[in-house]
Structures are given as C-alpha cells and as structure tokens.
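My notes follow in the order I took them.

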Amino acid sequence: MSGHEITDLEAQEARLVLPRFTYEDAWTLGSLLVGLAREREAPVAIDIRRGPQQLFHCALPGSSADNDAWIDRKRRVVERYGVSSFLVGARFRAKGTTFEASSRLDPDRYAAHGGSFPIGVEGVGVVGSVTVSGLPQAEDHALVVEALERLLSSYADDAG
C-alpha cells in the first residue's frame with residue numbers, strides 16, 4: 001500500500017463520522033449491510049458494537065463460525081488503535097513489515113485485515129465498531145464504507 005492509499009483511508013475515516021449513534025442507528029446500519037450483502041450474495045457475517053455491547057449481528061448463507069472469529073480479531077484492532085483494521089495493516093505494510101511481525105500482539109486475538117471500521121461520533125470520538133467478514137479484506141472494508149456512507153447520507157436527508 002502506498003502513502004497515497006493510506007491518505008485515502010485516513011480521509012475516509014475523517015469523512016465517515018456520524019452525528020449520533022443510537023440503537024436505532026445500529027439497526028439501520030446493520031440492515032443496510034445485510035441488504036447490500038444479500039444483493040451481492042456475499043457470504044458474510046456482520047457485527048456492530050457500541051463499547052463492549054453487541055448491538056447487531058447477522059450471519060448470511062455461506063458464512064461460518066470462522067467469520068465470527070475473524071470479526072473478533074479485526075474488531076480488537078479497531079478497539080486498540082481507534083482506526084480501521086485495514087488502515088492499521090496498511091500502515092505496517094508501508095513501513096516494510098507486517099502487523100503480525102511487528103505489532104507484538106497475539107495474532108490469535110488481533111488481525112489487521114480489512115473489514116472492521118470505527119464508529120466515530122462528532123464531538124465524542126470512537127464509540128464502537130462495525131465489522132464484516134467473509135470476503136477478501138479490501139471488499140469487506142469497501143462494504144462497510146459503502147454502508148456508512150449511506151447511513152451518513154440518510155442523516156442529511158432527514159435534516160433536509
């Protein structure tokens with residue numbers, strides 16, 4: 001990953017900050033993800049958390065318990081670093097190493113692979129995470145970003 005791609009990932013995170021994040025918002029975001037995944041017949045599991053509380057979970061056909069383990073590992077990276085799991089992995093690769101080789105974290109508990117994204121709230125900071133597992137890591141990440149973009153635009157539609 002180049003510095004330009006890292007800059008793009010950082011810009012995504014700066015842009016995808018929500019005005020609020022309620023239980024209803026978690027349901028809406030999860031439902032958006034399920035809808036997008038079903039349209040694409042994507043064999044994913046989806047997890048949304050606020051703090052330590054799981055607010056949404058769904059496993060679609062073709063996913064397995066292994067996807068839940070990946071969700072936990074990717075989510076822990078977001079909780080520890082406060083940025084997307086994809087960005088964390090990209091930053092290590094940009095330094096010529098890997099997360100597994102250089103983070104000093106147990107790879108059975110942490111995975112800096114794309115698919116987990118911080119849920120940031122304006123004026124508050126990171127309050128949770130949204131994670132998808134089941135596709136190649138760039139596609140997991142892109143699916144989450146697309147759903148967050150749709151959720152953010154729905155807030156603008158409600159205000160307008």
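Predicted model: local features only at pLDDT ≥ 70, side-chain atom pairs only at ≥ 80, totals over all residues.

**Helix packing and cores**

Residues are numbered from 1 along each chain as its sequence is written, and side-chain values use heavy atoms, with hydrogens and water left out.

Helix H1 (residues 3-15) and H6 pack at an angle of about 30°, their axes 11 Å apart. Axes are lines fitted to C-alpha atoms, for helices over the stretch in contact, and angles run from 0 to 180 degrees between N-to-C directions. H1 is therefore roughly parallel to H6 (under 35 degrees; over 145 is roughly antiparallel, 65 to 115 roughly perpendicular, the rest oblique). Helices (H or I, at least four residues) and strands (E, at least two) are DSSP runs, numbered from the N terminus. On the H1 side I listed Leu9, Gln12 and Arg15, and on the H6 side His141, Val145, Glu149 and Leu152; contact means heavy atoms within 4.5 Å.

Next I checked H2 (residues 23-39) against H6 (residues 137-159): the axes come within 9 Å and cross at roughly 130°. H2 and H6 are therefore oblique to each other. Their crossing is right-handed. Residues meeting there include Leu29, Leu32 and Leu33 in H2 and Ala147, Leu148 and Leu151 in H6.

Then I turned to the cores. A nonpolar core is a set of buried Ala, Val, Leu, Ile, Met, Phe, Trp, Tyr and Cys residues joined through side-chain atoms within 4.5 Å. Buried means under 20% relative accessible area, exposed over 50%, partly exposed in between (1.4 Å probe, protein chains only). The largest core has 29 residues, of which Phe21, Leu29, Leu33, Ile48 and Val130 touch the most other members. H6 gives this core its largest share, seven residues. I also listed a second, separate core of 13 residues, with Ile6, Leu87, Ala90 and Phe99 among them.

Last, I looked up Glu139, which lies in helix H6. Glu139 is partly exposed, at a relative accessible area of 44%.

Methods
Left-handed = near helix turned anticlockwise from the far one by under 90°.
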